[in-house]
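My entries follow in the order in which I looked.

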Amino acid sequence: MKIAGSHTLPFAPERAYNLLQDPQILAACMPGCEQLVKIAEDTYQMKMKMVLAAISGQFDGKVRIADPNPHTSFRLIVEGTGKIGFMKGDGRLTLAPKDTGTEVAYEGDVQVGGTMAAVGQRLIDTTSKMMIKRFFDKLCEKAGSA
Amino acid sequence: MIPQNFDYATPESLEEAFRLLSDPNAKVLAGGQSLIPMMRLRLAAPETLVDLRGVPGLGGIRLEGRTLRVGAMVTHYELESSPLVRKSCPLLAEAAANIGDVQVRNCGTIGGSLAHADPAADYPASLHALEASVRIASPSGERTVSIADFLVDTFTTALEPGELVVEVSVPVEAEGAGVSYQKCVQPASGFAIVGVAARIVKKDGEIAFARIGVTGLSGNAFRATGVEKLLEGTRGDASDIGRAVAGIGDGVDANNDIHASAAYRQHLARVYAARAIVAAVSRAK
């Protein structure tokens, strides 16, 4: 499934870019992220507990940052596997100045499989969008207080 | 499939329910029409289910002045069949009658449905159009929030851990008002691909008051205030309605799934909004 969208962050592209690559910030902002450990240059091991309505599931996965273009774009590759299914995402984030802030546009592919995809087909799009929105909201909050 | 083992508790008071729910691995059972299927698929595996059926004060529908108060554990069937609801808030009865199938309506409850906050649930369209409010209780007290504040996002409500929905309040419908809920149903699940609720009050042949609620179009239900403004002051002719609904999805990030693309959902929203408004206008006196 293709996903695309954008969010505006209230700080300059340099700061936004650095925040989006800061593992501590990422760990604090990704919904349900319980652990993010660096295992190689630009690659992180992730443990995540997704709680969404009645559904809850533990995921083990990896996050990789590729093709970094400081302050303008980078690729984010995420994969996770758990009892209730798996997910893979590969997308490009592009940062552009907008007024005094930064517009972060994302575009990519998400694949979801297993039980959660078999029964949750109608909810994958809505839920992915909500998770991404939550991530950016949290990022604004964290960055604002830092 | 068979769910993972779980304990089943039947508290007999709110206090007891709160105590049981202070365990983070406990989950409220309020009808179970979404929760139980997910447990059977093992998408959800709570260790304890706290069934609210035996908690006094969560059932019943009563009229208090110009407000209809509906207990959280009132089933969809009770709402659809209650002469009091049909007379004093027909839109709520119509919304309830459109939910799922007979079993879902007999077991599912309004509080359970709201707390679950499925983005395609039927109630939110009508509750937005009714400007309903939701009463929430916790061990430390009570608070009441508007439906717009309660429904935060997909599967996300204003409920904090340990809080329970105890009551939903809607205004008694104005004399001569016309209401309608129209949905494009996804036949396998019974959920709305798009659902639109309309309330219309006419005065001297013109629409004096319009309230429109939309569900299923995006990640969260909403009130289409732009459409309302365009309707108010018109006679509610086909051309007025067509103009009013044209922008119903403007600025809305429409859902896109195997049942309907975003563009098709936008189209459905206009079609079903027009149907709901036409029906409400024709029913208004």
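**Entry 1: a helix residue**

Which residues does Glu228(B) touch, not counting residues up to four places away in sequence? I found Ala210(B), Arg211(B) and Ile212(B). Contact here means that the C-beta atoms of two residues, placed from the backbone, lie within 7 Å. Glu228(B) sits in helix H10 (residues 225-231) of chain B. Helices (H or I, at least four residues) and strands (E, at least two) are DSSP runs, numbered from the N terminus. Glu228(B) counts as partly exposed because it has 19 C-beta neighbours inside 10 Å. The cut-offs I used: buried is 20 or more other C-beta atoms within 10 Å of a residue's own, exposed is 12 or fewer, and partly exposed is in between, with C-beta atoms placed from the backbone. I also checked Gly60(B): it is 168 residues from Glu228(B) in sequence and 32 Å away in space, C-alpha to C-alpha.

**Entry 2: what I am looking at**

This is a predicted model, where local features need pLDDT of at least 70, side-chain atom pairs count only at pLDDT 80 or more, and totals for chains, interfaces and linings use all residues. Residues are numbered from 1 along each chain as its sequence is written, while chains are lettered from A and ligands numbered from 1 in the order in which they are written. I noted an ipTM of 0.72 and a pTM of 0.88. Chain B averages a pLDDT of 96 (the predictor's confidence in each residue, from 0 to 100), and 100% of its residues score at least 70.

**Entry 3: chain B overall**

I counted 12 helices and 14 strands in chain B. Its C-alpha trace spans about 60 × 45 × 30 Å along the principal axes. The radius of gyration of chain B is 19 Å, which agrees with the value near 19 Å for a compact globule of 285 residues. That radius is taken over C-alpha atoms, and the globule rule is 2.2 Å times the number of residues to the power 0.38. Buried residues make up 49% of the 285 in chain B. I then took the contacts in chain B between residues at least 6 apart in sequence: 65% of them join residues at least 24 apart.

**Entry 4: the cores**

Which residues touch the most other members of the largest nonpolar core? They are Leu92(B), Val196(B), Ala198(B), Ala273(B) and Ile277(B), in a core of 100 residues. Helix H12 (residues 262-283) of chain B gives the most to this core, with nine residues. A nonpolar core is a set of buried Ala, Val, Leu, Ile, Met, Phe, Trp, Tyr and Cys residues joined through C-beta atoms within 7 Å. A second, separate core has 12 residues, among them Ala16(A), Leu19(A), Leu26(A) and Phe74(A).

Leaving aside neighbours within four places in sequence, its contacts include Ala125(B), Ile212(B), Ala269(B) and Ala273(B).

Next I looked at helix H5 (residues 90-97) of chain B. It is largely enclosed by the rest of the structure, because six of its eight residues are buried. Leu92(B) is one of the buried residues in H5(B), and Glu94(B) is another.

**Entry 5: strands**

Strand S10 (residues 164-171) of chain B is mostly covered, with six of its eight residues buried. Strand S5 (residues 67-71) of chain B runs antiparallel to S10(B), joined by five bridges. In that pairing, Gly71(B) has Glu167(B) as its bridge partner. Strand S6 (residues 133-138) of chain B is also joined to S10(B) by five bridges, again antiparallel. Here Ala137(B) stands opposite Leu164(B). I call two strands paired if DSSP finds at least two bridges between them.

Elsewhere, four strands of chain B form an open antiparallel sheet in the order S11-S12-S13-S14. Its edge strands are S11 (178-185) and S14 (222-223), each pairing on one side only.

Phe155(B) has a positive phi of about 50 degrees, although it is not a glycine. It lies in the loop between strand S8 (151-153) and strand S9 (156-157) of chain B. Is Phe155(B) buried or exposed? It counts as buried, because it has 21 C-beta neighbours inside 10 Å.

**Entry 6: between the chains**
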